[in-house]
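Let's take a walk through this protein, one feature at a time. Keep the picture open while you read.

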Amino acid sequence: MTPDIYREQYKFEWEHRAYLMSSMNLSIAIIAIIGGGLITVARVYSFSDSIESYIVGGLLSVSLSSLGFAAWSVFRAMRGYQYQRVPLPSNLEEWKASLADWHTQYGSISEIDADFRDGYIKKMCEAVEANAANNTNKSAQLYRANQATGLAALLLIAPAIMFVVQDHFAETSPHLVEIVDGRIQVVGDSVMPPEDENQEQPSPQPVAPPPKPEPPQNEFIKEDQVKPETRTDKPG
């Protein structure tokens, strides 16, 4: 077996993981922008007991629901995925040394490289299958999030247009200005200041040789967990 085929698949899935993480950041930014627009329209639109207000309120509610589903899908694409990486070089070197010891006593030294290659390919295949399944599920979640975000933006168009029309044809309320004791007071409708917003291995048989050393396990990477730092330098 040629390891190049599996190496390319392993490399593709690992790079696809990075691509999906970049797409996730873009989805989060778009959701935040559309959410800001939705909140703005909901705050500035003057609701009344009219058919237009009920239509605007219904569209805004469905748009908010779609945006919430999109945010939930992005969250599901972020958590719960465990990727596999081939063993570290130090572990591979230890395994190769144990293979050499085994073949020196029970096998043939000429088979060391073949066993090493086959074991490494096996671990690479395990990593490819696990990473491909993760990427497929994560891609599906991001696709659902993008669909829901697009629907939320589409539903927001009509309320935004109706707000523009309402603002354009709104009558300006007259203000009565009186001078009392040399001070100017505004009587009637006034513009309020904007509110602030916050956001075991088996035992060897006595007559048969012990089993060949197994390759080391792949390194498991869970994206929502931080590995503790390992210091190579020791304070004097």
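This is a predicted model: local features need pLDDT of at least 70, side-chain atom pairs count only at pLDDT 80 or more; totals for chains, interfaces and linings use all residues.

## Before we start

Residues are numbered from 1 along each chain as its sequence is written, and side-chain values use heavy atoms, with hydrogens and water left out.

## Charged pairs

Side chains of opposite charge can pair when their charged atoms come close. Here a salt bridge means a side-chain nitrogen of Lys or Arg within 4 Å of a carboxyl oxygen of Asp or Glu. The model has 6 salt bridges by that rule.

One of them links Lys212 to Asp115, at 2.8 Å from N to O. Another joins Lys123 and Glu126 at 3.3 Å, N to O. These two sit 3 residues apart in helix α4, so about one helical turn separates them (helices are DSSP runs of H or I, at least four residues, and strands are runs of E, at least two, numbered from the N terminus). Lys123 is buried at 6%, while Glu126 is partly exposed at 30%.

## A pocket between helices

Which helices each supply at least two residues to the lining of the second largest pocket? They are α1 (3–44) and α4 (112–169), and α1 gives the most, with 6 residues. A pocket is an open set of points on a 1 Å grid over the protein atoms alone, where a 1.4 Å probe fits, with protein on both sides within 12 Å along at least five of seven lines; lining residues have an atom within 4 Å of a point.

This pocket has a volume of about 150 Å³, the volume being the space filled by probe spheres set on the points, with grid points joined across faces, edges and corners. Its lining includes Tyr19, Ile30 and Asn146.

Now find Ile55, which lies in helix α2 (residues 51–78). Ile55 is partly exposed, as its relative accessibility is 43%. Although 107 residues separate Ile55 from Met162 in sequence, their C-alpha atoms are 9.9 Å apart in space.

Key:
Buried means under 20% relative accessible area, exposed over 50%, partly exposed in between (1.4 Å probe, protein chains only).
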